[in-house]
Amino acid sequence: MQLQRQIFFDGALALIFIRRREFRYRGSALDWCTTAAIAVILYTGAAWCFATPKPELEAWGLLTALAVSFLLTAAVAIGHASAAISRERGLLILPLTLYVNLVELGATRFLDAFDNTIAAYYFGYGDIVMCIWLVVAIARATPDGRTYLRGFAAMLLIAGLIAAAFLTLPKTRMFYAATLDKPPVDVEAIYYQQPHILAEHLDRIRASEPGVADLYFVGFAGYANQDVFLREVRQAANIVAERFGDNSQSIILVNNPATLTSHPMANHHNLRRTLLAINEKIQADEDFVFLFVSSHGDEDGTVAVNFPGFKFNDISAAEIFTALHDAQIEWPITVISACYSGSFIPVLEHPKALIIAAAASDRQSFGCAHQNDWTYFGEAYFQHGLTLTRDPIEAFHLARERVEARETQERKTPSKPQISAGSEMVQKLNQWLLEAD
């Protein structure tokens, strides 16, 4: 352990660009494994502490950490192979990377205490600072003085791998602080309560009045392990109610431990029952039904419907189309906030339909971290777009511009939000908005 203490001390000096000339240790395989294990334990412990009082492991954050480790290992291997990084000094990469990540953890936790928007802004530019800091520190501390000429190209490649680790991978933390209490789930009791809970919520929806076009909102938060989907659907329902009606015209289906006894669960069966019941309340030839689905998406054209302890099936575009068709919803507005959600458009598009997707069929969308209040697209569409205009189509164009600007600022792969507005739907929306004005 004396060796590791020296390594971590020298790493602290390297962090502030102080390069010791004399090194008394050599980088054997055992040294690498021991130092790496200590660095992993320290980082995991710090991430856990920063997520107190209720730390919860985030699987995507663990995968991101593994991907970063792989890229850094590749950088070290290239450095050793090219003799750009000496075996003795190469061990310093481990404490250097650890210290830079600890600084980032502390800074983001500090910013989160004020405003998630500030934290997002920091992620956009702070990562560049962290990346440059790490690359310069490594370049200063680790090169073998005999290999400057040959090592220059290798150091550029190493810098590229480190940049890939810091700037292109999603910024998902390993641990998040739970914000909602999650009581033990009595699956059998909940199973028998759900029909009554759904019936109670459906009974609260008032019937439409003939001659006046109304809008009915159905929210669907499909993924139970992250609270962002619950928050997003709740806030979207409030914004739609404020802009187009009142809360007696909305219902949300939610998968979240905190809402098991207060809200109907989000699954295919409850969605079908909800749409069928709403059809009995509306004037089908006059009223709009706004379906908002927020969850994770998959490249197979489905969105996740998940609740630990319950065996739900993911829901596909074809199943949503069938549910809308069977309920005879004539004027559906469907917004899907999920990765790869553009794959829903070809299935759902219709002259009387408006379909909006947060991402193209081959692209991921962003912002589904547990502690967030919104996903990127949800915030842009509801909190930004629909607060500036009551036109759902114009709100999409405002949202797309906002998402594109944010993704560019944070150097993320563009999600490319999509829209399909049927010709008859466009005419009806224009007429409805004109009459409302």
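Start with the largest cavity, which holds about 70 Å³ of space. A cavity here is a set of points on a 1 Å grid over the protein atoms alone where a 1.4 Å probe fits but cannot get out; its volume is the space filled by probe spheres set on the points, which are joined across faces, edges and corners. The model is predicted, so local features need pLDDT of at least 70 and side-chain atom pairs 80 or more, while totals for chains, interfaces and linings use all residues. Residues are numbered from 1 along each chain, and side-chain values use heavy atoms, without hydrogens and water.

Next, select helix α11, residues 317-326 (helices are DSSP runs of H or I, at least four residues; strands are runs of E, at least two; both are numbered from the N terminus). Ala317, Ile320, Ala323 and Leu324 are buried there, meaning under 20% relative accessible area with a 1.4 Å probe, protein chains only. Seen down the axis, the buried residues of α11 fall within an arc of 125° (taken from the directions from the helix axis to the C-beta atoms), so they line one face of the helix.

Finish at strand β4, residues 250-254, where five of five residues are buried. Ser250, Ile252 and Val254 point one way, Ile251 and Leu253 the other. Show β3 (215-221) too: β3 and β4 pair in the parallel sense over five bridges (pairing needs at least two DSSP bridges).

How values were computed: On a 1 Å grid over the protein atoms alone, a cavity is a set of points where a 1.4 Å probe fits but cannot get out, and a pocket is an open set with protein on both sides within 12 Å along at least five of seven lines; lining residues have an atom within 4 Å of a point. Buried means under 20% relative accessible area, exposed over 50%, partly exposed in between (1.4 Å probe, protein chains only).
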